[in-house]
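Colleague: I'd like to learn how to read a model like this one. Could you take me through it, feature by feature?

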Amino acid sequence: MTVLPDDEFSLAAEFPEATHEQWQRLVAGVLRKSGKEVSGSAAEDALSTTVEDGLTTRPLYTALDSAPDPGFPGFAPFVRGGRAEGNTVGGWDVRQRHGAVSDGAVLADLENGVTSLWLLVGESGVPVSSLPRVLDGVYLDLAPVVLDAGPETESAAQELLALYEKRGVAAGDVRGNLGADPLGHEARTGKVSGFAPVAELARRCAAEYPGLRALTVDALPYHEAGGSAAQELGCSLATGVAYLRELTAAGVPVELASGQLEFRYAATADQFLTIAKLRAARRLWARVAEVCGAPGAQLQHAVTSPVMMSRRDPWVNLLRTTVATLAAGVGGADAVTVLPFDDALGVPDAFARRIARNTSTILVEESHLARVIDPAGGSWYVERLTDELAHAGWEFFQQIERSGGQAAALRSGRVGEDLAKTWAARSAKLAKRREPVTGVSEFPHLAERLVERAPAPAPPSGGLPRVRRDEAYETLRARSDAHLAATGSRPRIFLATLGPAAAHTARATFASNLFQAGGIEPVTGEPTAEAFRAAGATEVCLCSSDALYEEQAEAAAEVLRSAGARHVFLAGRPGQYTDVDAYVFAGCDAVDVLSTTLDRMGVS
């Protein structure tokens, strides 16, 4: 066997070299068949997608799509990871969140893969006085504890530190975070908190507990208010800078102050955006730390997004959180919290918590996701997206700073207004199903048995709103549920199919999905008076091909109208058909269509 030298062996040696221009011509040829006359870079632009923050993702990235040198893992600007070894030694920290804690839940998690605890303390979670009971049996020198206590941070921190002392845990073995986040609490509640107790906690941690941090920079309030990735980054930077100013003003050296911060970000099912966001966050904070004279890596805690969790068909949340966790791991998060699939419904049960913790275990142990440091590094797409997102996040950060800083921007309403604009634009996409929500706006299951959970304590409120992608459709489905409970049946619509199955199946399927998203039960049949009356519906949607609409739509609409149809839809682009009242099509405002339809049906 002859072995060729490396410089003589190429997998593509027998193929002619392809150029970018050739690819563009091929794209233009395909688009021309669909009626779009474009050429050159315009062909590529036609396949590009505009995402949030004005960023555009292109269909093809090459070595020409340059980005700044990301450096090496563990070295500034830390784009490729905060530690040289990444998560290769044991994977990321699997951090489970607990609010309303049931007996044995904490120990069950720690015995089955969880490596640290995130405890909600106070009105929305565990009473401060119950911390010793909740942590009974926990080896506090092995399991880091992260508090989230809002206005009770000081008392909760004192209780936890006293517990460490009582249990004989050496100060050098204490790990975790006391969770002080006055600006995050203000964003949640609108209530201003003093910083003096926080500064005292930071001084004590820096002096006595080298592995314990005092402050959390939580970006979730901005994400949950509808903010974009860049807005989340900008708010987190502004908050971190505000805390550095407060701590240094209180006499804490800047290098120690920087070491007291941990940053919390949302991980969504948009995996590449999440990967880029975490990489960009480290790069941006490295720049802040460099300017402040305290160079160091950002410690990151990623949480699967509450905004993306649906209440209907919650099992789909298992898929969403898996993708989000993968993105968080690939993005280099130090700790990852997977919210249970039933988190939006109340207190998660033991099965849901088990699946949540096993999500990380499978990705680390079976998929070997942590064996590679920065697996996305070197991807032209990811590197370019990271750079563009870093610039967008820095721009938003600068806007906040020009407004007087994070506290001033919150109190003036500037942050809330910016987030509301972003959410309004995204809501329009959700309403038009340009951003589908599987199991809710797409492929809903009307006959599903609703998952019930014990109600969870009300989360902090009074500040920025909390939004969910499913909220508009959830309102529609709740109206349908109430109608079912009151009358024994759901509101119905008759899908009148014209012609053979090949002609009507596509649009009948489209219409069926659309109306079920609003809790309206579709009944399919031929466009006859008998079939319509048997359906028990008051409204009709004609479904067929454009060619058959030309031949049969007007006659079918007349027959159904005479049989008692009060409103006639046609599935397809708007046309000039007699007796057709409205049209449903891809890109129509589904929420508006469904809401007005339920109004006409008398479904309150």
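Modeller: Start with strand S11 (residues 492-497) and S13: they run parallel and are joined by five bridges. Strands and helices here are DSSP runs, with E for strands of at least two residues, H or I for helices of at least four, numbered from the N terminus. Two strands pair if DSSP finds at least two bridges between them. Leu495 stands opposite Cys541 in S13. One caution: this is a predicted model, where local features need pLDDT of at least 70 and side-chain atom pairs count only at pLDDT 80 or more, while totals for chains, interfaces and linings use all residues. Residues are numbered from 1 along each chain as its sequence is written, and side-chain values use heavy atoms, leaving out hydrogens and water.

Colleague: Which strand pairs with S13 over four bridges?

Modeller: Strand S14 (residues 567-571), again in the parallel sense. His567 in S14 is the bridge partner of Glu539. Between S13 and S14 comes helix H20 (residues 546-562), and the three make a right-handed β-α-β unit. To judge the hand, point the strands away from you: a crossover is right-handed if the path from the first strand over the helix to the second runs clockwise.

Colleague: Is S13 enclosed or open?

Modeller: First the term. Buried means under 20% relative accessible area, exposed means over 50%, and partly exposed is in between (1.4 Å probe, protein chains only). Five of the five residues of S13 (residues 539-543) are buried, so the strand is largely enclosed by the rest of the structure.

Colleague: Which residues cover each face of S13?

Modeller: In a regular strand the side chains alternate between the two faces of the sheet. In S13, Glu539, Cys541 and Cys543 lie on one side, with Val540 and Leu542 on the other, and all are buried.

Colleague: Where does the charged end of Arg97 sit?

Modeller: Over the ring of Trp118, 5.6 Å from its centre. The test: NZ of Lys or CZ of Arg must be within 6 Å of the ring centre and within 35 degrees of the ring normal.

Colleague: What joins S4 to S5?

Modeller: Four bridges, and these strands run parallel. Leu120 stands opposite Asp148 in S5. The path from S5 to S6 goes through helix H5 (residues 153-167), a right-handed β-α-β crossover. Three bridges then join S6 to strand S7 (residues 212-218), which run parallel. Gly176 has Leu212 in S7 as its bridge partner. S6 (residues 176-180) is mostly covered, with five of its five residues buried.

Colleague: How do I read aromatic pairs?

Modeller: A pair of aromatic rings is described by the distance of the centres and the angle of the planes. Rings of Phe, Tyr and Trp (its six-membered ring) pair if their centres lie within 6.5 Å; planes under 30 degrees apart count as stacked, over 60 as edge-to-face and the rest as tilted. This structure holds eleven aromatic pairs. Tyr61, Phe272 and Tyr381 are linked into a cluster by ring pairs.
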